Amino acid sequence: MHTRLSRPVRLVAVLVGVLLAAALLVPAGPSAHAATGWTPRPEQYAATVTTRDLAIRMDDGVVLRGDLQRPAGADGKPVATRLPVIVTITAYNKTVIAGGAGAVLAGADPAYLVKRGYAQLTVDARGTGSSQGQWAAFSAREGKDAGAIVNWAAAQPWSNGKVGMTGASYMGISQLFAAEQQPPGLKAIFPQVPAADVYRDVVASGGQIDVGFIPLWLGLVTATGVIPPAYGVQEPAAGFKALTDHLAGALGFTLPLALTALLGGEPAYDGPFYAERSPITAIDKVKVPTFLIGGEYDLFQRGTPLDFERIQRNGVPTKLILGPWNHLQGSSGAEVGKAGYGTLAELQLRWFDQYIKGIDGKLDQIAPLTYYEQGSGTWVKKAKWIDTDLSAREYRLSGTSAVGGQSGGLVTGTPAAGSSIVPPLPVTGLCTRSADQWTAGLPSTLLSGLPCFTDNKLNDLGGLTFDTAPVTTPVRIQGPVNARLYVSSPTGDGMLSVAVEDVAPDGTVSRLTGGWQVISHRALDTTRSRYLGGKLLQPHHPFTKAAQARLAAGQVAPVDVEVFPTGAVIKPGHRLRVAVQAFDVPHLLSPLTDLLGQLVPVTVRTGPSYPSAITVAVRP
C-alpha cells in the first residue's frame, strides 16, 4: 500500500521541520576510515520502496501500524531476497518523522542501511500515530508490544529472521525495553540518547517538576497522535478507532498525569509508576550488543552513562560515544563523526554488519567509551566511565558570597567560615545552557546567536559563586559530582540549583554541568549512592512522600546535590566555579502544594564547622 501523505500530516511535518531544521544544518562529522582501517561497503541497491501501514496485531487484539522500507529492484518493486530487519518504534508518528527535517528525531537516514541489504520497519507505538490503543508511555504493556513487534518482524516472509533496532530518545528507550523481552531474533541495538531512571533523569530532577521539556514532549505526542491516519480512507472504521483511542488516551493519561504531578499528587514522587517506565529497572535483562550515543547537554545526560555502565558490567558488548550535544543534536547524530569512528550511519552499518551479518566491523578499534572533553575540545578514549585511574578530590566552599558578583573561595585546604544568602529570584536560569538543555535544544536552534547559551556570567549574578584561584595544572573531571551544602531556610525547605563552571581568564563562564535538590528531599539512600575512595560522588535520594521532611525553621543541615556527570578540563589560568541559585527557570517548578515553602531565601554556611564542598572524580 503506497499512500500519499494527507494534508494534516504534511502540515505537521512542515511545522516540525521549521522547528528542527537548524539541527540538520550541522554538517556530518568527518569519517575516520583511515584511522580505523574500516571502509563502508558500497550500496547494493540504488533505490528503495516503502509499503505503508502494515497491520501488526498484538495479543490483546490492538492493531499497531508499521511502514516497511525495502530495497527496490529495477522494476521499482521490493526485492524478493529475505533480509535482516531494522526496527524503530516511535511515539512521534512514523509518517511525520519520515518526512523532511522531522527526520532529526529519528537519527540517520534508514535508506543508508536499506541500500546495503537491510529492511527498515518503523512502527507507531500503541496509542500514537497510526496505531490503535491508548498511549501510556513506556508502560509494561508497551514493553511487551516492543518484544512482539520484533518477533513479528523476524517471522515475516521478507525477513531472514534477524533483527536490529535503531532510533533516538523515545525510540532509543523502546529498544532497551524490547531487549528486556529477549525476543530470539533480536541480535543488536543502537539506542541514541536513552534514559535510565526517568524520574531522576528528567521528570523531577532534585524533586521539583520539569516544566521545560515534559510539556513539550507530551504536546508533541498528543499533536502527532490526533492526525487522521493515512489508511483511514481505505479502512475508515480502523482509522476512526485509532483516532478515538488517541483522544481517550490524551484525556485519560496525558492530561491527568501532568496536572496531578503539578498538584503534588502521586506522580510528583518516585515509586512504582516510574520504576515501570525506567530502563535501568530492567536493564540486566538486556543481553544483545548495544551501541549508545549520549550528550553532555542532553535530557538524559545522567541516564545514558548509567545504562552503559550496567550493560558493560554484565559482560554484554557495548560502546558509548558521549558528545557535546543537546537532545536534538544527540537525536540527529549529525556530529557523531567528530568522535573519529565514522558518521552515525556508518557506525550503525559497522555494528549491524558485525552482529547481524557476520561481517567484520573492526569494532575492536572503537574504544568502549569515547567522550568529548569540555575545555580542551579533545575526544578521550577510555575503557570504563568510572575507572581505577580516577580519584576523588574535594573542593571546599570558603568565606562569603553575595548576589551581584561577590565570589567566595573554593579551596582544597581549610575553608574560611561564612554565611551567604541565596535569594529566590524566579528568573535565574532563564537564558542559560541549562534552559536550552531542558527544552531539548530548541532555544539554541531557533536563537543560535544568543551569548547566554555559552556564557553563564550574567546568570551567575543572581546567586552565589565560589571560585578557586587560577589553577596551575590541568584539572580533569570525569563522571558525576556531589555538592554537599550546609543550608537553612525560614521554612526548612527550598531549592538548590548548583552549577559547576569554568571561568576563563577573560571572564567568560562556561557551564560544564548542573544539579538540583529540594531541601525537604535530602534523605540519602547510602546503599544506592556511589562512593569513590570513601567519598560520596553520586548521591541517591528516595524522593518519596514518606521520605520528604522539612527542617525546623533556621535549622542547619547538610544537603547532598547530585550534579550530573560530565567530562571536562580546567586549564591552567582558568578557575573552577561552583554557582548556587534557588531557581532554574524554565526547567523546574515546585508542585503547587510546596510552592510557598520553597519560594524562600536559603542560607549556605561554609567553614570548618559547616564543611560545604563539592567532590569530583579527577583523572591524571
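What follows is a briefing on the sheet, the helices, the nonpolar cores and a few single residues.

This is a predicted model, in which local features need pLDDT of at least 70 and side-chain atom pairs count only at pLDDT 80 or more, while totals for chains, interfaces and linings use all residues. Residues are numbered from 1 along each chain as its sequence is written, and side-chain values use heavy atoms, with hydrogens and water left out. Helices (H or I, at least four residues) and strands (E, at least two) are DSSP runs, numbered from the N terminus.

**The sheet**

- An open sheet is formed by 10 strands in the order β1-β2-β4-β3-β5-β6-β8-β9-β10-β11, with mixed pairing, where two strands pair if DSSP finds at least two bridges between them.
- The edge strands are β1 (47-57) and β11, each of which pairs on one side only.
- From one strand to the next, the twist averages 20 degrees.
- Nine bridges hold β1 and strand β2 (residues 63-72) in an antiparallel pairing, and A55 has R65 in β2 as its bridge partner.
- Helix α5 packs on the sheet and touches β1, β2, β3 (83-90), β4 (119-124), β5 (159-168) and β6 (186-192), its direction making about 140 degrees with that of β5; axes are lines fitted to C-alpha atoms, for helices over the stretch in contact, and angles run from 0 to 180 degrees between N-to-C directions.
- Helix α12 (residues 303-313) also packs on the sheet, where it touches β8 (290-295), β9 and β10, and its direction makes about 160 degrees with that of β9.

**Strand β10 and its partners**

- Strand β10 (residues 369-373) is mostly covered, with four of its five residues buried, and buried means under 20% relative accessible area, exposed over 50% and partly exposed in between (1.4 Å probe, protein chains only).
- With strand β9 (residues 318-323), β10 pairs in the parallel sense over three bridges, and L322 stands opposite Y371 in β10.
- With strand β11 (residues 378-382), β10 runs antiparallel and is joined by five bridges; T378 in β11 is the bridge partner of E373.
- The hairpin of β10 and β11 has four residues between the strands, and G375 takes a positive phi near 100 degrees there.

**Helices**

- Helix α5 (residues 140-155) and α6 pack at an angle of about 80 degrees, with their axes 8 Å apart.
- That angle makes α5 roughly perpendicular to α6, since angles under 35 degrees count as roughly parallel, over 145 as roughly antiparallel, 65 to 115 as roughly perpendicular and the rest as oblique.
- The contact (heavy atoms within 4.5 Å) is made by E142, G143, A146, G147 and V150 of α5 together with Y170, S174, F177 and A178 of α6.
- The 16 residues of α5 reach 23 Å from the first C-alpha to the last, close to the 22 Å expected at 1.5 Å a residue, the expected span being 1.5 Å times one less than the number of residues.
- Helix α14 (residues 344-357) has 14 residues and reaches 18 Å between its first and last C-alpha, close to the expected 20 Å.
- α14 is mostly covered, as 11 of its 14 residues are buried, and the residue that follows α14 is G358, whose phi is positive, near 75 degrees.

**Nonpolar cores**

- The largest nonpolar core has 72 residues, and those with the most contacts inside it are V87, L121, W135, Y170 and W217; such a core is a set of buried Ala, Val, Leu, Ile, Met, Phe, Trp, Tyr and Cys residues joined through side-chain atoms within 4.5 Å.
- Helix α6 (residues 170-180) gives the most to this core, with seven residues.
- Apart from this core lies another, of 36 residues, among them L410, V481, V561 and V618.

- V561 is placed in strand β21 (residues 557-570) and is buried, because its relative accessible area is 0%.
- Leaving aside neighbours within four places in sequence, the contacts of V561 include V481, L496, W516 and P539.
- Q555 lies in the loop between β20 (535-538) and β21, and counts as partly exposed because its relative accessibility is 38%.
- Q555 and G492 are 63 residues apart along the chain, yet their C-alpha atoms are separated by 7.0 Å.
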